[in-house]
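Keep the sequence and the structure side by side while reading.

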Amino acid sequence: MPSLTRHRLTSADVDPALRALCAWTPADIPGGGVHPGDVGWHLRSDDAVVFLWTADGEPVAAGFVDGPVLRVTAAPGADPDALAADAEDLLAPGVDGCDGLPVPGWGPEPDESWLVMSWAPQPVSSTAEPVHEARAADRVLVHRSAFPGSTFTVGRWRAMKASPAGGTAVEVLVRTPAGEPAAAATGWFAGVGRCGLLEPVGTRPGHRGQGHGRDAVLGACAALAERGASAVAVATPSTNGAAVALYRSAGFTVVRETRDRVRPREV
């Protein structure tokens with residue numbers, strides 16, 4: 001059996017992991033814990049680290065630690081048990097969840113599940129405008145308003161765009177009729193004939209319920225479809241009724257419900 005080697009990659013040398021993840025992304029909904037777009041969003045941080053596992057020099061898995069969760073996607077035919085055993089030292093206390101690997105002794109998260117939803121390319125109408133340097137501050141404003149506590153900055157936006165994944169990002173901004181930035185969405189392209197990803201999507205609190213979020217979602221999906229994406233996926237907590245309703249209104253359908261595996265809790 002080939003021995004596993006784990007590589008610790010920074011933004012500067014993450015290309016092999018991105019190429020592997022794109023190659024493993026199917027035409028329909030991805031099955032692993034990491035889409036190449038997840039890595040792209042992760043690379044907004046200067047100190048972002050991505051792990052790549054190889055066997056006899058061939059990539060067999062890739063992932064990263066996302067807060068308290070280790071997220072991994074394995075290649076078709078890879079040995080998930082061997083990968084889980086090798087990743088054990090990444091699961092120090094504080095990293096209490098895993099998405100994509102069957103960690104021995106860990107069970108499904110009892111309190112939170114995620115809905116994986118899919119959008120099929122279709123004609124859309126959207127007022128969304130593409131985001132570039134001149135609109136970066138407005139795009140960041142929307143994100144920080146939509147996600148309290150966010151550390152996203154224009155500098156981090158630039159780092160994300162300058163990363164090896166930056167060229168796969170499609171970003172759109174929706175404004176109110178008065179010109180105020182209201183909603184934004186980022187989509188990630190994994191290749192022609194492969195499923196794209198929405199991550200993240202946000203609407204400023206004062207502009208919710210007016211269709212701006214739906215407009216942003218449709219704009220990002222249309223941009224991904226124009227590049228050749230076969231579908232677009234998004235994942236949202238099943239308890240986030242507003243997000244689920246937003247995606248349904250944009251034409252997304254629920255494909256499956258999933259749960260992270262979590263460390264056994266002390267009684």
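Two strands pair if DSSP finds at least two bridges between them. The model is predicted. With that cut-off in hand, start at the hairpin of β9 and β10. Five residues lie between these strands, and Gly-179 takes a positive phi near 95 degrees. Strand β9 (residues 169-175) runs antiparallel to β10, and seven bridges join them. Arg-175 has Pro-181 in β10 as its bridge partner.

Strand β10 (residues 181-188) is mostly covered: eight of its eight residues are buried. On to the next hairpin, formed by β10 and β11. Here six residues separate the strands, and Gly-191 in the turn has a positive phi of about 130 degrees. The partner of Gly-187 across this pairing is Leu-198 in β11.

**The sheet**

These strands belong to an open sheet of seven, ordered β8-β9-β10-β11-β12-β7-β13, with mixed pairing. Its edge strands are β8 (129-130) and β13 (253-258), each pairing on one side only.

| Pair | Sense | Bridges |
|---|---|---|
| β9 and β10 | antiparallel | seven bridges |
| β10 and β11 | antiparallel | five bridges |
| β11 and β12 | parallel | three bridges |

Within the sheet, Leu-197 stands opposite Ala-233 in β12. Helix α4 (residues 136-146) packs on the sheet and touches β9, β10 and β11. The direction of α4 makes about 95 degrees with that of β10. Helix α7 also packs on the sheet, touching β7, β11, β12 and β13. The direction of α7 makes about 165 degrees with that of β12.

**Helix α7**

Which residues of α7 (residues 241-249) are buried? They include Ala-243, Val-244 and Tyr-247. Seen down the axis of α7, its buried residues fall within an arc of 100 degrees, so they line one face of the helix. Their cover includes β7 (114-119), β11, α6 (212-227) and β12 (231-237). After α7 comes Gly-251, with a positive phi near 100 degrees.

**The cores**

The largest nonpolar core has 35 residues. Val-14, Ala-17, Val-39, Trp-157 and Trp-188 have the most contacts inside it. Helix α1 (residues 15-24) gives the largest share of this core, five residues. Leaving aside residues up to four places away in sequence, Val-39 touches Val-14, Leu-18, Leu-21, Val-34, Val-50 and Phe-64. Another core, of 25 residues, lies apart from the largest one; among its members are Met-117, Val-174, Val-217 and Ala-229.

Terms used: Residues are numbered from 1 along each chain as its sequence is written. This is a predicted model: local features need pLDDT of at least 70, side-chain atom pairs count only at pLDDT 80 or more; totals for chains, interfaces and linings use all residues. Side-chain values use heavy atoms; hydrogens and water are left out. Buried means under 20% relative accessible area, exposed over 50%, partly exposed in between (1.4 Å probe, protein chains only). Helices (H or I, at least four residues) and strands (E, at least two) are DSSP runs, numbered from the N terminus. The arc is that of the directions from the helix axis to the C-beta atoms. Contact means heavy atoms within 4.5 Å. A nonpolar core is a set of buried Ala, Val, Leu, Ile, Met, Phe, Trp, Tyr and Cys residues joined through side-chain atoms within 4.5 Å. Axes are lines fitted to C-alpha atoms, for helices over the stretch in contact, and angles run from 0 to 180 degrees between N-to-C directions.
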